[in-house]
Amino acid sequence: PDDSGDVETEVTVDQPRKEGEGTSNPFVTYLVTTTRTNRRTREIRRYALRRRYQDFAWLHEQLYKQFVASVVPPLPDRRRLEYLTGDRFSEDFVGKRKHGLERFVRRVILHPLLRTSHHLTVFLEAKDWSSEYEIRPKSENGVLDSIGDTLLNTFSKVRKRDERFIEMRDTVGRLGDNLARTQKLYMRVTKRQHDLQQAYEELGTGLVDLGDIETGMTMALVEAGNALKAHHLAVKRLAEQTEDLFLGEIDEYISYCEAYLDLLRQRDQKQAEFEDLTEYLQQTAAERDRLANHQSAVGVSAVTNFIKGKVRDLRGVDPAISRQQRIENLGARIGELEAAVDA
């Protein structure tokens, strides 16, 4: 539950139900039950609404866009459920996805920033929220702008790296690798447990059948066979519970690591942009000061200045007015750069 402020929020996700039976696009919905309790007034508000997987994905996307500097808890990924058996409507698949979706929502309401989102409130409380799915207008940036940004981000490098973030990246990377190895190892263990369960069941059945033949040992054989069958069921339940609570969360922790690394990459990109803007600002300010002090640019010869002066004379441009105009333009550009650096 979320214990922020005077309101305690608790969310459960259960009662999966297949919808659209017989259509070309059936899907599963889950009952999302939200209970909000006001600690001062003891007022209790409950909401019980059905949501499908793409609704959870919509919430994840909105939180990712709204809180660009925060790591949004991962969803149970559609493509990383290879440890599950059966189709996406099987009881096993739906049950594990249900637990993953519930963990996602609970982590969101425990996050000090994410739980303040209007999108979360809409997801938990709105009965009709089709307007939230309206197609948003595409960015006004053109293709060339996008290519320019991509090239800039590709060739811009951080000049002064912070040791704290280097250590953080290395630590998160090692954690992700260790979790991935643990996941693969446990998947092999799970497969062997499944084979062992079948062997226990077959052996137990065989001993019971043998008891019908060996009349002098019937009781002992039947008891041993039933014990093996009971052990088979116990091992099966243990494997299912451990797989649900352990393997599913490992997959989500791997996604967490990937999200953290992505956030660190974005931070490096922003730092590189900041350093480039700062350098450009310093160069522009130096150019303005040079013009204001009637100085020549560094490395410009007297011959070059003479030629420029003759060109201005031919064009009928007053040097003083031209210089003042350039100083004003540079001043305006410096103001824009300062605002961008401060942002």
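Trainee: Leaving aside its neighbours within four places in sequence, which residues is Gln183 in contact with?

Mentor: Before answering, please keep in mind that this is a predicted model, in which local features need pLDDT of at least 70 and side-chain atom pairs count only at pLDDT 80 or more, while totals for chains, interfaces and linings use all residues. Residues are numbered from 1 along each chain as its sequence is written, and side-chain values use heavy atoms, with hydrogens and water left out.

Once the neighbours within four places in sequence are set aside, Gln183 is in contact with Leu247, Ile250, Asp251 and Ile254, where contact means heavy atoms within 4.5 Å. Gln183 belongs to helix α5, which covers residues 163-213; helices here are DSSP runs of H or I with at least four residues, strands are runs of E with at least two, and both are numbered from the N terminus. With a relative accessible area of 7%, Gln183 is buried, a word that stands for under 20% relative accessible area, whereas exposed stands for over 50% and partly exposed for what lies in between (1.4 Å probe, protein chains only).

A nonpolar core is a set of buried Ala, Val, Leu, Ile, Met, Phe, Trp, Tyr and Cys residues joined through side-chain atoms within 4.5 Å. The largest such core has 25 residues, of which Phe56, Phe104 and Phe123 touch the most other members. At least two residues of this core come from each of β1 (7-19), β2 (27-38), α1, α2 (91-110) and α3 (118-125), and α2 gives the largest share, six residues. Apart from this core lies another, of five residues, among them Val172, Leu179, Ile250 and Cys257.

Beyond the neighbours within four places in sequence, the contacts of Phe56 include Val13, Val32, Leu75, Leu101, Phe104 and Phe123. The structure holds one aromatic pair, and the rings of Phe56 and Phe123 form it as an edge-to-face pair, because their centres are 5.0 Å apart and their planes stand at 65 degrees. For such pairs, of Phe, Tyr or Trp (its six-membered ring), the centres must lie within 6.5 Å, and planes under 30 degrees apart count as stacked, over 60 as edge-to-face and the rest as tilted. The pair links distant parts of the chain, with Phe56 in helix α1 and Phe123 in helix α3, 67 residues apart. Phe123 is buried too, at 1% relative accessibility.

The loop between α2 and α3 holds Ser117, which is buried at 0% relative accessibility and which, neighbours within four places in sequence aside, is in contact with Leu63, Gln66 and Phe67. By contrast, Met219 of helix α6 (residues 218-292) is exposed, with a relative accessible area of 60%.

Seen as a whole, the protein has eight helices and three strands, and from the N terminus on its elements run β-β-β-α-α-α-α-α-α-α-α. Of its 343 residues, 32% are buried, and among contacts with a separation of 6 or more, 68% join residues 24 or more positions apart.

Finally, some care is needed over confidence, given as pLDDT, the predictor's confidence in each residue from 0 to 100. The mean pLDDT is 76, and 74% of the residues reach 70 or more. Confidence is highest in helix α1 (residues 53-66), at a mean of 90, and lowest in helix α4 (residues 143-155), at 46. Over residues 134-148 pLDDT stays under 50, and the model has one contact beyond four places in sequence for them. Where pLDDT is low, the predicted coordinates should not be read in detail.
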